[in-house]
Amino acid sequence: MEINQLIKAVVLTSVSSCVAFNAAAERFILAQAYPTDHVFNFAAETFMGELEATGSEYIPQYHSGGDLGDWQSQFEQAVDGVIPVTISFGASEFDKRLDLTWLGYVADDWDSAKEIYGQEGGMLDIYNDIFEDIGLHALGIVPTGFGSMAIRKGVGKVPVAFPEDTKGLKIRTVDVPIAVERFSDWGFSAVPMPYGELYTSLQLGVIDGRGFGPSIEIWQMRDVLETYILTKDYFEQGYFLVNKEWWEDLPAEERVKMQEAAKNTMRIVWEKAENIDADYLEKVKDAGINVVSLSDDQMDKAKASIYANEWPNMEKTVGKDIMDQVYTVSGVKKQ
């Protein structure tokens with residue numbers, strides 16, 4: 001918490017400097033925590049170009065690479081209004097209903113993901129009902145790719161039939177109840193673990209594999225992994241977030257320009273993100289990792305477990321109204 005307070009002090013100092021530097025322009029902080037090769041950076045830079053094209057008088061002061069804190073810290077600062085605009089994942093410590101972002105098999109492929117999570121998809125409205133309660137508003141959902149399961153070098157197993165192939169395999173999950181439940185239902189020994197401990201745990205053999213792995217992360221960990229199994233159980237998504245009070249206080253014409261810039265940005269970003277995901281999957285293959293797809297029967301069985309167990313349990317977290325909307329938007333039939 002002391003570190004967050006220090007970061008906030010730095011941010012406020014930066015804001016004051018911006019105002020003093022150019023009183024004629026309305027400058028605001030736009031921040032995201034990832035390096036230049038991440039889709040969040042691409043989204044931020046695209047938005048700045050699109051906003052300038054609208055003739056907006058608002059000029060972003062862009063901070064990337066986590067110089068204003070990690071994504072959780074930036075999420076908190078957006079809630080507090082210290083950072084008015086950030087691209088971040090959803091921090092469920094502020095509202096447990098944001099665990100909805102981890103829900104399995106909402107989308108099957110990029111086409112269905114865009115239909116469900118894109119600007120015209122219903123998930124954006126669902127998330128904004130949640131964000132509103134913590135003082136945020138999402139201008140769009142930023143996709144990063146489908147997450148699947150990987151097995152470390154030396155294990156020599158390719159679990160594709162759940163639970164027939166999974167007994168005794170320790171798989172890292174994110175520390176979220178439905179994530180642990182998912183891999184337990186599939187027959188694995190689910191090990192919740194912070195991301196910062198993952199690589200070393202794979203390297204030392206503490207765990208046999210990992211879940212929730214988009215292709216870019218599998219490529220980054222390629223020297224400790226031998227098999228990538230395309231379960232595609234999780235669609236990773238971030239959010240183009242604004243502080244709600246700051247957003248509503250904008251002049252109406254500027255709010256329209258920012259909305260237009262965000263809409264154009266999301267259209268470009270969705271195409272870019274799909275290409276990035278595909279490119280890194282090819283890099284994974286080129287690195288010698290065995291890439292395996294589930295058969296239709298194996299995929300149907302994996303999905304059936306999630307729809308029968310995980311989805312009803314998520315209703316206990318988000319409530320019946322939100323979950324009914326998710327069923328409608330996704331087209332998944334309620335069990």
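Strands here are DSSP runs of E with at least two residues, numbered from the N terminus. The model is predicted.

**Entry 1**

I looked up the peptide bond from Phe162 to Pro163. It is cis, with omega near 10°. Most peptide bonds are trans, and most residues other than glycine have a negative phi. I then went through positive phi values.

Phe212 came up, with phi near 60° in a residue other than glycine. Phe212 belongs to strand S7. Is Phe212 buried or exposed? Its relative accessible area is 3%, and the cut-off for buried is under 20%, so Phe212 is buried.

Lys232 also has a positive phi, near 50°. I found Lys232 in strand S8. Its relative accessible area is 35%, so I noted Lys232 as partly exposed. That class runs between the 20% and 50% limits.

**Entry 1: the cavity**

I asked how many cavities of 30 Å³ or more the structure holds. There is one. The largest cavity contains about 40 Å³ of space.

I listed its lining next. Thr101, Leu103, Tyr105, Val106, Ala107, Tyr117 and Phe146 are among the lining residues. Lys232, Asp233, Tyr234, Phe235 and Gln237 also line this cavity. Lys232 therefore turns up again, partly exposed by its 35% relative accessible area and part of the cavity lining.

Which strand gives the most to this lining? I found strand S8 (residues 225–243), with five residues. By class, the lining has eight nonpolar, two polar and two charged residues.

I turned to the largest pocket. About 960 Å³ of space lies in it. I counted 39 lining residues, and those closest to the pocket centre are Tyr34, Trp71, Phe89, Trp102 and Tyr195.

I checked which elements supply at least two lining residues each. Helix H3 (71–80), strand S4 (136–152) and strand S7 (209–213) are among them. Helix H8 (215–220), S8 and H10 also qualify. The pocket lining splits into 21 nonpolar, eight polar and 10 charged residues.

**Entry 2: H4 against H10**

I looked at how helix H4 (residues 110–117) packs on helix H10 (residues 252–286). The angle is about 145°, and the axes are 12 Å apart. The crossing is right-handed.

Which residues meet there? From H4 I noted Trp110, Ala113, Lys114 and Tyr117. From H10 I noted Trp270, Ala273, Glu274 and Asp277. The contact has five nonpolar residues, no polar ones and three charged ones. Tyr117 is in this contact and also lines the largest cavity.

**Entry 3: Met193**

I ended on Met193. It lies in the loop between strand S6 (189–192) and helix H7 (198–204). Its relative accessibility is 7%, so Met193 counts as buried.

What does Met193 touch, leaving out residues up to four places away in sequence? I found Arg172, Thr173, Leu198, Ser201 and Ile207.

I also took one distance. Met193 and Ala53 are 140 residues apart in sequence. In space they are 43 Å apart, C-alpha to C-alpha.

Definitions and conventions. Residues are numbered from 1 along each chain as its sequence is written. This is a predicted model: local features need pLDDT of at least 70, side-chain atom pairs count only at pLDDT 80 or more; totals for chains, interfaces and linings use all residues. Side-chain values use heavy atoms; hydrogens and water are left out. On a 1 Å grid over the protein atoms alone, a cavity is a set of points where a 1.4 Å probe fits but cannot get out, and a pocket is an open set with protein on both sides within 12 Å along at least five of seven lines; lining residues have an atom within 4 Å of a point. Grid points are joined across faces, edges and corners, and a volume is the space filled by probe spheres set on the points. Helices (H or I, at least four residues) and strands (E, at least two) are DSSP runs, numbered from the N terminus. Ala, Val, Leu, Ile, Met, Phe, Trp, Tyr, Cys and Pro count as nonpolar, Asp, Glu, Lys and Arg as charged, and the others, Gly among them, as polar. Axes are lines fitted to C-alpha atoms, for helices over the stretch in contact, and angles run from 0 to 180 degrees between N-to-C directions. A crossing is left-handed if the near helix is turned anticlockwise from the far one by less than a right angle, and right-handed if clockwise. Contact means heavy atoms within 4.5 Å. Buried means under 20% relative accessible area, exposed over 50%, partly exposed in between (1.4 Å probe, protein chains only).
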